[in-house]
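Thanks for coming, everyone. Please put the sequence and the structure up on the screen. I'll keep this short.

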Amino acid sequence: MATIPEDAYDKIMATNVKSTLWLCNMVAPLMAERRDGSIIIISSIAGLAGSADIGVYGISKAAESQLARNLAVEWAGHNNRSEERRVGKEGRSRWPPDH
């Protein structure tokens with residue numbers, strides 16, 4: 001991570017965190033008006049542990065996990081739900097996966 005270019009870091013965070021937050025901010029008020037709705041954020045098991053290969057990606061996925069928890073708390077009073085689904089293969093020791 002110490003050698004990642006700043007523009008690559010910014011692109012990963014914007015793609016995985018900022019865009020998710022902006023989309024949620026667009027739809028959550030509409031769901032609050034209806035007093036019903038669910039936000040499901042698709043994340044990754046890469047956000048659960050450190051990685052020498054995909055560190056910044058893992059950080060962005062951990063941020064998505066926290067975003068889902070914060071949205072759940074923030075919008076709970078409006079009968080809106082927010083949750084996260086992590087995808088990935090448990091026990092994978094190599095990234096990217098062999099094909």
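Start with the largest nonpolar core, which has 10 residues in all. They are Cys24, Ala28, Met31, Ala32, Ile39, Ile41, Leu67, Ala68, Leu71 and Trp75. Bear in mind that this is a predicted model. In soluble globular proteins, nonpolar side chains tend to be buried together.

Which elements give two or more residues to this core? H1, strand E1 (37-44) and H2 do.

Now the two helices. H1 covers residues 6-34, and H2 covers residues 55-75. Their axes come within 9 Å and cross at roughly 15 degrees. Angles under 35 degrees count as roughly parallel, so H1 is roughly parallel to H2. The crossing is right-handed.

Who makes that contact? On the H1 side, the residues include Tyr9, Ile12, Met13, Asn16 and Val17. Further names from H1 include Cys24, Ala28 and Ala32. H2 brings, among them, Val56, Tyr57, Ile59, Lys61 and Glu64. Leu67, Leu71 and Trp75 of H2 take part too.

What about classes? The contact of H1 with H2 has 16 nonpolar, 3 polar and 2 charged residues.

Step back to the whole protein. It has 2 helices and 2 strands. From the N terminus on, the order is α-β-α-β. Of its 99 residues, 29% are buried.

Last point: contacts along the sequence.

How values were computed: Residues are numbered from 1 along each chain as its sequence is written. This is a predicted model: local features need pLDDT of at least 70, side-chain atom pairs count only at pLDDT 80 or more; totals for chains, interfaces and linings use all residues. Side-chain values use heavy atoms; hydrogens and water are left out. Axes are lines fitted to C-alpha atoms, for helices over the stretch in contact, and angles run from 0 to 180 degrees between N-to-C directions. Helices (H or I, at least four residues) and strands (E, at least two) are DSSP runs, numbered from the N terminus. Angles under 35 degrees count as roughly parallel, over 145 as roughly antiparallel, 65 to 115 as roughly perpendicular and the rest as oblique. A crossing is left-handed if the near helix is turned anticlockwise from the far one by less than a right angle, and right-handed if clockwise. Contact means heavy atoms within 4.5 Å. Ala, Val, Leu, Ile, Met, Phe, Trp, Tyr, Cys and Pro count as nonpolar, Asp, Glu, Lys and Arg as charged, and the others, Gly among them, as polar. A nonpolar core is a set of buried Ala, Val, Leu, Ile, Met, Phe, Trp, Tyr and Cys residues joined through side-chain atoms within 4.5 Å. Buried means under 20% relative accessible area, exposed over 50%, partly exposed in between (1.4 Å probe, protein chains only).
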